[in-house]
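Hello,

Here is the structure I promised to pass on. Have a look first, and my notes follow below.

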Amino acid sequence: MGVSDNSTGLILAVLSSGFIGTSFILKKKGLKRAAASTGFGAGHGGYTYLQEPLWWAGMITMIVGEAANFVAYAYAPAVLVTPLGALSIIVSAVLAHVLLKERLKRMGVLGCVSCIVGSIIIVIHAPSEHTPTSVEEIWNLAIEPAFLIYVAATLSLVAALVMHFEPRHGQTNILIYLGICSLMGSLTVVSIKAIGIAVKLTLEGVSQISYPQTWVFVTVAVLCVITQLNYLNKALDTFNTAIVSPIYYVMFTTLTIIASVIMFKDWKDEKASDIASEICGFITVLSGTIILHSTREQESSAPPGTVTWYDQNPMKSVEEDEHLITVHNSDYFD
């Protein structure tokens with residue numbers, strides 16, 4: 001007896017979550033190594049992580065995971081595949097605790113649970129989506145006023161975050177980097193879906209390569225993915241991995257569902273009870289995000305046994321014959 005389509009989709013979705021959760025850790029370790037060797041990390045605009053093998057291992061792992069997730073949707077319904085993305089949060093949190101020694105507090109665990117439960121509620125009550133049969137059909141949906149307003153609002157928010165908020169608060173507020181990633185990610189999803197339909201139709205003998213809309217979606221997807229990766233690297237290099245993973249998952253999932261509802265008019269024939277359940281899911285997700293953000297553990301900027309000198313020289317180890325004092329009261333300098 002062969003494996004059913006739903007079982008195949010389930011296996012692919014679980015494997016996808018494992019790969020994606022692991023990729024966060026590999027990329028984080030690569031970013032740490034790059035920052036340690038040069039003293040200039042991704043969070044400060046450095047790109048030396050591109051020379052770090054561990055970062056590329058994480059990148060490849062993430063690509064494999066995303067590919068498995070994409071294929072899973074071809075075998076199983078979204079209501080089965082999408083909630084399993086939450087498993088990547090658990091994988092990354094456990095690996096971060098074991099490999100990166102990043103501690104997740106009890107309230108942080110509660111925040112993770114709230115995020116996962118809220119996301120599951122949203123997905124369970126999400127309406128069934130009409131699957132377009134051509135790239136032209138998706139294009140017609142994309143140029144309708146409602147979705148054009150969403151795209152304009154998304155790009156405006158991204159521009160404001162990049163030009164105004166990132167220089168001032170990027171190093172202290174995790175929502176800046178992840179907000180950019182998630183906003184661009186919602187546009188990535190609709191573009192990837194269009195590309196997937198084009199590939200599927202082409203393999204079935206109905207070529208979509210000659211349609212200019214196909215290449216517009218390809219261009220948008222490439223630009224959005226590059227932007228996502230850039231700011232995700234900054235988030236991983238600056239904040240605790242156990243916090244980055246769930247918040248990114250929650251924001252990305254939420255904005256993706258919003259984009260889908262607007263573009264495909266998913267709520268048009270929905271019952272009020274289902275819409276109310278989805279709103280409750282959003283509130284649960286928001287609560288979990290606030291808990292996680294309030295309990296996130298600040299990472300030490302300098303390794304134990306080192307001191308940063310005020311003349312901006314590189315960090316030097318403390319010698320045994322040096323006598324240093326620690327001042328706890330700023331009034332000492334008055």
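In which helix do Phe 147 and Tyr 150 both lie? They sit in helix H7 (residues 145-169), three residues apart, about one turn of the helix; helices here are DSSP runs of H or I with at least four residues, numbered from the N terminus.

Before the rest, please note that this is a predicted model, where local features need pLDDT of at least 70 and side-chain atom pairs count only at pLDDT 80 or more, while totals for chains, interfaces and linings use all residues. Residues are numbered from 1 along each chain as its sequence is written, and side-chain values use heavy atoms, leaving out hydrogens and water.

Now the aromatic rings. Rings of Phe, Tyr and Trp (its six-membered ring) pair if their centres lie within 6.5 Å, with planes under 30 degrees apart counted as stacked, over 60 as edge-to-face and the rest as tilted. The count comes to six aromatic pairs. Trp 55 and Trp 56 make an edge-to-face pair, because their ring centres are 4.9 Å apart and their planes stand at 85°. Phe 147 and Tyr 150 are stacked, at 5.9 Å centre to centre and 25° between the planes. Phe 24, Tyr 248 and Phe 252 form one aromatic cluster.

As for burial (buried is under 20% relative accessible area, exposed over 50%, partly exposed in between, with a 1.4 Å probe and protein chains only), Trp 55 is buried at 5%, whereas Trp 56 is partly exposed at 40%. Phe 147 and Tyr 150 are both buried.

Best wishes

Conventions. Helix = DSSP H or I, 4+ residues; strand = E, 2+ residues; numbered from the N terminus.
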